[in-house]
Amino acid sequence: CTVIFTRLATRDLHKPISILFCNLAVSDLFTSFSGFWISMLFITDPDITIFGSRDMLAPYALYTTSILSTIYNLVSIGIERYLAVAESMRARFRLARTHSIAVVLVSWVLAFFLGCLPLMGWNCLHAEQNISVLYSPFCVNYLVLVTMPNVVLAFLVPLFTYLRIIIILRKRKLRMQACGQATGTYKSAETQVARTSISIWLLALVSYAPFLAGVIFDATNQRCHTDLYPSVYIFRNCTAMLITITCLGNPLLYTLRAKLRAPRCLSAQRPRACAI
């Protein structure tokens, strides 16, 4: 909420990246709210979070929707940062405010569609054969369809975009050295970008890899709920805690450290700075 209010109160709202930051905070807010909803259901009636119930469909659907929206936002921010740095791409395509709004709308529509499929009928309330053991009454094939491609997307796209950003900065630094210009500021910016990029990717890895492992275990497991209690459900709760920690880490990485600057070799006399 602090990130949302801060972004709305500043004059940077017209910038495309600020819209993506604000939308990421909204996604994190929905993730925290849905996780709190599931926790309250666990406190009032623990059995329904283990054996499944119709009451779990709505909070699980909101939880899935918010996680998917967060993933799409992380991918969009990585692509936007790459477009802001890559001169060849920036010459062909410049991300405007309307593009950011369109990306936000498309990401939410896609997230709501995939997240609400169980509410539309794709659930295992009356089918025991394909029911998920960890996230009843979701179906295993639904979890596999939603989780596998989106988690891989969350790992690979940011990894590619931020690695490309680091490579571009290193090449520009070498060009500045060839021009005989000082590269101390550029080296500092390159280091800062590298650290932030690695932190972003590691946060996604630590947050979503255990969840992906749980879904894989769920898909390959053939035992019933009581045989897995309580160790597997403790692991499930830990994966939810890691995702919640991501909601706390995203504002730190994307808002407090968003103003990363690196110089560009535009003139032989004095390099200018540009926000990346």
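How do the residues of the lining of the second largest pocket divide into nonpolar, polar and charged? They divide into 10 nonpolar, 8 polar and 1 charged. Here Ala, Val, Leu, Ile, Met, Phe, Trp, Tyr, Cys and Pro count as nonpolar, Asp, Glu, Lys and Arg as charged, and the others, Gly among them, as polar.

This is a predicted model, in which local features need pLDDT of at least 70 and side-chain atom pairs count only at pLDDT 80 or more, while totals for chains, interfaces and linings use all residues. Residues are numbered from 1 along each chain as its sequence is written, and side-chain values use heavy atoms, with hydrogens and water left out.

## Overall build

The protein has 10 helices and 2 strands, in the order α-α-α-α-α-α-α-α-α-α-β-β along the sequence. Both kinds of element are DSSP runs numbered from the N terminus: helices are H or I with at least four residues, strands are E with at least two. Of the 276 residues, 49% are buried, where buried means under 20% relative accessible area (exposed is over 50%, partly exposed in between; 1.4 Å probe, protein chains only). Among the contacts with a separation of 6 or more, 73% are between residues 24 or more positions apart; a contact means heavy atoms within 4.5 Å. The protein exposes about 14,300 Å², and carbon and sulfur atoms supply 67% of this area, computed by the Shrake-Rupley method with a 1.4 Å probe.

## Aromatic pairs

The structure holds 9 aromatic pairs. Rings of Phe, Tyr and Trp (its six-membered ring) pair if their centres lie within 6.5 Å; planes under 30 degrees apart count as stacked, over 60 as edge-to-face and the rest as tilted. Two of the pairs are listed here.

| Pair | Centre distance | Plane angle | Type |
|---|---|---|---|
| Y60 and F138 | 5.5 Å | 55° | tilted |
| Y82 and F160 | 6.4 Å | 55° | tilted |

Y60 lies in helix α4 (residues 57–85) and F138 in the loop between α6 (97–115) and α7 (140–178), 78 residues apart. Y60 counts as buried because its relative accessibility is 5%, and F138 is buried with a relative accessible area of 2%. Y82 lies in helix α4 and F160 in helix α7, so this pair ties together parts that are 78 residues apart in sequence. Y82 is also buried, at 14% relative accessibility. Ring pairs link Y60, W122, Y135, F138, Y142 and F211 into a cluster.

## Pocket and cavities

Spaces are found on a 1 Å grid over the protein atoms alone: a cavity is a set of points where a 1.4 Å probe fits but cannot get out, and a pocket is an open set with protein on both sides within 12 Å along at least five of seven lines. Lining residues have an atom within 4 Å of a point. Grid points are joined across faces, edges and corners, and a volume is the space filled by probe spheres set on the points.

The second largest pocket holds about 390 Å³ of space. It is lined by 19 residues, and G35, I38, S39, N237 and A240 are the closest to its centre. Two or more lining residues come from each of α2 (16–44), α4 and α10 (231–256); α2 gives the most, with 8 residues.

The whole structure has 5 cavities of 30 Å³ or more. The largest cavity holds about 200 Å³. Of its 16 lining residues, T64, I67, L143, T147 and F211 are the closest to the centre. At least two residues of this lining come from each of α4, α7 and α8 (184–220). The lining of the largest cavity has 13 nonpolar, 3 polar and no charged residues.
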